[in-house]
Amino acid sequence: MRILGIETTCDETGAAIVEDGFRILSNVVVDQIPLHERFGGVVPEIASRAHVQVVTRIIERSLVNAGIDPAGLPLEGPPVDAVAVANRPGLVGSLLVGLTAAKALALAWGVPLVGVDHIHAHIYAGFLEAEGRAERIDPGAVFPAISLVISGGHTSLYRSESFTSHELLGNTLDDAVGEAFDKAAAILGLGYPGGPAISRAAVGGRRDAVRFPRTLLEPDSLDFSFSGIKTAVLYHVKGQNARRAGPTREDLELADVAASFEAAVADVLVEKIRRALRREGLRRLVLGGGVAANRHLRERLAELGAAEDVEVLVPPPSLCTDNGAMIAGIGFELLREGRTSDLLLDAAPLAS
Ligand code: KG4
Ligand code: ZN
C-alpha cells in the first residue's frame, strides 16, 4: 500500500511516498530558512505564502522520485492508495496549504484522505526505513513506551500505547526546547535555525565550563521550562540584566558556552525521561522532532540506554526534522484502523 504524505505545518514543505508504512520511495523536503533567517524565527505569513509557491512542485517531485509519471495521471488509476496530511497542530495558514492540496488530490484520484497529528507523526519517524534497518520494527516490541517529541514548537512527553494512542504526561510551560536553541543561538550571534548552529559551535567546547540552570520543577513534575536557561545565556554572554541588543563580552569562549548549553538541556531532558520511565514502569523510549537530531543528546541517550537497560529508538537525523515520510507512515496506520477523514477535515492550530 502506497501513501502520499504531505507536511506543511511550519516552515518545511514536505511530500513523500511511503510503502506499507515503512519503505520510503521518495521524501522531498524544502525548508524556508533563507526567508526566516533575518527574523530569527518563523514568520507565519511568509511561511504560508512560501508553501503555496512550492507545494504542487514538491508533490510532483515526490511522485517522480518514486517512479510515478505525473503526466500519465489519472488515466492509469490512482498513483497512491491514500493521501495523508498533517492537519494539526501548526501555523494555521501553513496547515491550510497542505490540507487543501491533499483534499484536491484525494478527490481527483478517488482515494481516502487521512488527517494526521504532526506530533504523533514525529513519534512514528523512528519506525521508518533507515540505514541498517531493512525491516519494519514490530510495534508490539516497542509499545507501550515513553515518547518524547522535542522540536521548535513542541516539548511533549507521552505514554504511548501504540502509534496512534498517546497519553500526554508532560509539556513545556513556556518555550519549546528547539525554541530555546533558536533563541540562545540568536543571542550568541550564531544564526538560524539555532539547533544545528549551536551543535557546530559546541565542537571542542567544555561541557562544564558554564553552569547553566537545569529547571526541573517539582520533584515529580514531568513538565518542562526552558525560558530560564535562555535568560541565563543572555546574562552570561552580555552581562547581568543586559538587553538582547547589548554588546557581547569580549572574553567569551563560544564553544564552551554552546557545549555547556547543550549539556544543561540534555541533563533536563534525560532527567525527565528517567522520571517518566520510572513512574510508568517502562524501559522503552521513542524520540522524535528536530532537537532529537542533536548529537550530544543522542550520545547521552545512548549512555542512558546502556547504563539503565533502556531501549532507545531515535530516527536518523534527516527524519527528526519535519518531513512528509513520517506523515505518510502514520497515515498508513490510521488508514488500517479505518480512521480516514472526509473533505470537511479542518486545520487545527493547537495540539489536541
Ligand atoms: O521538528 P522540526 O523540524 O519542526 C517543528 O516541528 O518545530 O524542529 C525544528 C527545531 C528547530 O528549533 C531547530 O533549531 C531544532 O529543531 N534542531 C536542532 C537540531 N536540528 C534541528 N536542535 C538541536 N540540535 C540539532 N542538531
Ligand atoms: Zn515538527
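Colleague: Is the crossing of helix 6 and helix 8 left-handed or right-handed?

Modeller: A crossing is left-handed if the near helix is turned anticlockwise from the far one by less than a right angle, right-handed if clockwise. Helix 6 crosses helix 8 in the left-handed sense. This is a predicted model, with pLDDT of at least 70 needed for local features and 80 or more for side-chain atom pairs, while totals for chains, interfaces and linings use all residues. Residues count from 1 along each chain as written, chains are lettered from A and ligands numbered from 1 in written order, and side-chain values use heavy atoms, without hydrogens and water.

Colleague: At what angle do helix 6 and helix 8 cross?

Modeller: Helices (DSSP H or I, at least four residues) and strands (E, at least two) are numbered from the N terminus. Axes are fitted to C-alpha atoms, for helices over the stretch in contact, and angles between N-to-C directions run from 0 to 180 degrees. Helix 6 (residues 194–201) and helix 8 (residues 254–280) cross at roughly 120 degrees, their axes coming within 8 Å.

Colleague: Which residues of helix 6 meet helix 8?

Modeller: Ile-198, Ser-199 and Ala-201 do; their partners in helix 8 are Ala-255, Ala-258, Phe-261 and Glu-262 (contact: heavy atoms within 4.5 Å).

Colleague: How do helix 2 and helix 3 cross?

Modeller: Their axes come within 9 Å, at roughly 35 degrees, for helix 2 (residues 44–65) and helix 3 (residues 92–109). This crossing is right-handed. Among the residues that meet are Val-52, Val-55 and Ile-59 in helix 2, and Val-97, Ala-101 and Leu-105 in helix 3.

Colleague: Which protein atoms hold the zinc ion (ligand 2)?

Modeller: Donors are N, O and S atoms within 2.8 Å of the metal (3.2 Å for Na, K and Ca), and sites may look incomplete without water. Here the protein donors are His-118 (NE2), His-122 (NE2) and Asp-322 (OD), 2.0 to 2.1 Å from the zinc ion. Their sequence spacing is H-x3-H-x199-D.

Colleague: Why are His-118 and His-122 about one helical turn apart?

Modeller: Because they sit four residues apart in helix 4 (residues 118–124).

Colleague: Where are the cis peptide bonds?

Modeller: Most peptide bonds are trans. A cis bond joins Phe-143 and Pro-144, with omega about 0 degrees. Pro-144 lies in the loop between helix 4 and strand 6 (145–150). Another cis bond joins Tyr-192 and Pro-193, with omega about -5 degrees. Pro-193 is in the loop between helix 5 (177–187) and helix 6.
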